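Here is a quick tour of one protein model, with the sequence and the fold to follow along. Keep the viewer open while you read.

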Amino acid sequence: MTSSLAIVGAGLGGLMLARVLHVHGIPSVIYEADASADVRSQGGMLDIHESDGQVALKAAGLYEGFRKLVHPGGEATRVMAPDGRLLHDEADDGKGGRPEVPRGELRRLLLASLPEGTIAWGKKLVGTAAQADGSHALRFADGTSATARLLVGADGAWSRVRPHLTDATPVYAGYAFVETWLHDVDRRHPGPAATVGGGSFFATSPGKGIFAHREPGNVIHAYIAVCRPAEWFDDIDVGSVRTGTPRIAAEFDGWAPALRALIADSDAAPVLRRIHALPVDLRWPRKPGVTLLGDAAHLMPPSGEGANLAMDDGARLAVAIATHGDRVEDALGAYESAMFVRAEAAAREAQALTARLLGTDAPHGLLRMFGHDPA
């Protein structure tokens, strides 16, 4: 298979790139490792920012469709002390600039906007090579291959396209999330439901924290953060409700019962997510016919920016390609120069947020961010 423009990865960034290219009349092919769109869960809620994610959706002609996905009340925010004292409670007045939407629904909106045949499913990339004519050869796990004049790595944290440009690899950030889910919460888990409220929730102290979202369908999705060496988690079967969940809950001994219930009462097997990041100031020299976007280009700790940056990257890259016409290298150079600056600023902000949430001053740094002056 030969294509002028190949995108590796059908995440939000890759889909946005393909969609905005389509809006400008430029075809592309996305190669995605998953066998289908619904083969695995696409995660929880995303807050989509006015300054980047929403701008990208407007460039894609999908803003109105996005607004229909917004979760009412999702911008409400609570901060609680480990002992259950409410420290900050902000209602969603509908005027905020970061409405919450389910990631899976947003992805489906992008998928539905692409021409049939844009995505080649079940194509797990195992290798790439630059060819003498300037094209790129792609090899897939199923034994097939493809070539492309322009290759874009939108393939996430462990990108197989990234080594074309840099030898940088993600490094463990010093903590992990354990994800839990409580279902039918108003009836079955009234304590955690009343505690979390209708939007985002934070309970944090130095080295550990519980972050949660109220999601559509009467679900609470929680992220239990624990600052421990990566190897510490190897000895825990985190996915076991019988043995793993109590071990994680033990890290929160002394916390309020409704907070510990967000860990101990999970209705689904918890999932471990070790957090990794690329260097905040990552750059690479321009190499013909290949670039990166999203986590492949600038993986950083969770801060609410990742999905927004990925979509912004995709839209900006598509516009650069459309604007520069046959001058593809000029388009890639312009895109990368601006992307490096945006990504470094966002990565530094993500580091600062991590310090507020889990550093020695927690939760006071977070409260200051919300306008409080803790004693």
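Predicted model: local features only at pLDDT ≥ 70, side-chain atom pairs only at ≥ 80, totals over all residues.

How many nonpolar, polar and charged residues are in the lining of the largest cavity? The lining has 12 nonpolar, 1 polar and 2 charged residues, where Ala, Val, Leu, Ile, Met, Phe, Trp, Tyr, Cys and Pro count as nonpolar, Asp, Glu, Lys and Arg as charged, and the others, Gly among them, as polar.

## Ground rules

Residues are numbered from 1 along each chain as its sequence is written, and side-chain values use heavy atoms, with hydrogens and water left out.

## The cavity

The structure holds 1 cavity of 30 Å³ or more. A cavity here is a set of points, on a 1 Å grid over the protein atoms alone, where a 1.4 Å probe fits but cannot get out; lining residues have an atom within 4 Å of a point. The space in the largest cavity comes to about 90 Å³, with volume taken as the space filled by probe spheres set on the points, which are joined across faces, edges and corners.

Its lining counts 15 residues, and P279, V280, A297, H298 and A343 lie nearest the centre. Both α9 (295-298) and α11 (328-358) supply at least two lining residues, and α11 gives the most, with 5. Helices (H or I, at least four residues) and strands (E, at least two) are DSSP runs, numbered from the N terminus.

## Strands and sheets

Seen strand by strand, there is an open sheet of 7, in the order β5-β4-β12-β13-β14-β11-β15, with mixed pairing. The edges belong to β5 and β15 (271-277), each with a single partner strand, so one side of each is left without a neighbour in the sheet. Two strands pair if DSSP finds at least two bridges between them. Inside this sheet, β12 (200-205) and β13 (208-215) pair in the antiparallel sense over 6 bridges, and F202 stands opposite F211 in β13.

Then there is β10, which pairs with β9 in the antiparallel sense over 4 bridges. A137 has T147 in β10 as its bridge partner. The hairpin of β9 and β10 has 4 residues between the strands, and G143 there takes a positive phi near 90°. β10 also runs parallel to β16 (residues 290-292), joined by 3 bridges, with V152 opposite T291 in β16.

## Salt bridges

A search of the whole structure turns up 25 salt bridges, each a side-chain nitrogen of Lys or Arg within 4 Å of a carboxyl oxygen of Asp or Glu. In one of them, R98 and D47 meet at 3.9 Å, N to O. R98 sits in the loop between β5 (86-90) and β6 (100-102) and D47 in strand β3 (residues 45-47), so the pair ties together parts that are 51 residues apart in sequence. D47 is buried, at 18% relative accessible area, whereas R98 is partly exposed at 39%; buried means under 20%, exposed over 50%, and partly exposed in between (1.4 Å probe, protein chains only).

R149 pairs with D133, the closest N and O atoms being 3.7 Å apart. R149 lies in strand β10 (residues 145-153) and D133 in the loop between β8 (125-130) and β9 (136-140), 16 residues apart. R260 and D253 come to 3.0 Å between the closest N and O atoms. Shared partners join D312, D313, R316 and R342 into one salt-bridge network.

Methods:
1 Å grid on protein atoms, 1.4 Å probe; cavity = no way out; pocket = protein on both sides within 12 Å on 5 of 7 lines; lining within 4 Å.
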